[in-house]
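Please find below some notes on the model under review.

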Amino acid sequence: MSVCVCLWTSGLIVSTPTGSTAYAVAAGASMIHPNVPAIMITPICPHSLSFRPIVVPAGVELKINLSPDARNTAWVSFDGRKRQEICHGDSITIITSCFPVPSICFRDPVTDWFESLATCLHWNVRKKQNCFGSEDEEF
């Protein structure tokens with residue numbers, strides 16, 4: 001199965017559930033459990049509100065083209081390493097590997113993941129509020 005993405009955006013994050021999570025979430029994507037075989041496609045500053053982050057199943061061949069009508073060339077970076085220029089009419093094909101990277105878990109994958117998120121993102125944590133003092137009652 002092949003998917004062709006046509007979009008007007010300042011950039012695109014293509015990642016697995018375990019890769020680029022912070023970047024994708026900062027751009028508005030959801031967090032996906034590492035055991036879900038998928039590819040996440042997240043636009044950076046899309047020029048239309050209709051282009052939202054999407055998740056496609058693993059095994060899909062994703063082809064990203066730079067339009068021949070684009071005003072300029074584009075740049076691609078893989079894992080933040082050396083940039084490569086993409087010229088008009090060029091394309092990038094992305095597929096998932098047949099060999100997923102195993103995760104090391106303390107207890108089990110689901111509990112560890114949710115507890116890690118809860119700790120890092122301070123889920124269900126509320127700062128204790130101070131009592132009203134006699135000074136506050138005047139206002």
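1. Which residue follows α2, and is its phi positive or negative? The residue is His-122, with a positive phi near 55°. Helices (H or I, at least four residues) and strands (E, at least two) are DSSP runs numbered from the N terminus.

2. This is a predicted model, in which local features need pLDDT of at least 70 and side-chain atom pairs count only at pLDDT 80 or more, while totals for chains, interfaces and linings use all residues. Residues are numbered from 1 along each chain as its sequence is written, and side-chain values use heavy atoms, with hydrogens and water left out.

3. Helix α2 comprises 13 residues, 109-121. Its buried residues (under 20% relative accessible area, 1.4 Å probe, protein chains only) are Asp-112, Trp-113 and Leu-117. Viewed down the axis, they fall within an arc of 130° (directions from the helix axis to the C-beta atoms), so they line one face of α2.

4. One salt bridge is counted (a side-chain nitrogen of Lys or Arg within 4 Å of a carboxyl oxygen of Asp or Glu). It joins Arg-107 and Glu-115 at 2.1 Å, N to O.

Terms used:
The expected span of a helix is 1.5 Å times one less than its number of residues. Buried means under 20% relative accessible area, exposed over 50%, partly exposed in between (1.4 Å probe, protein chains only).
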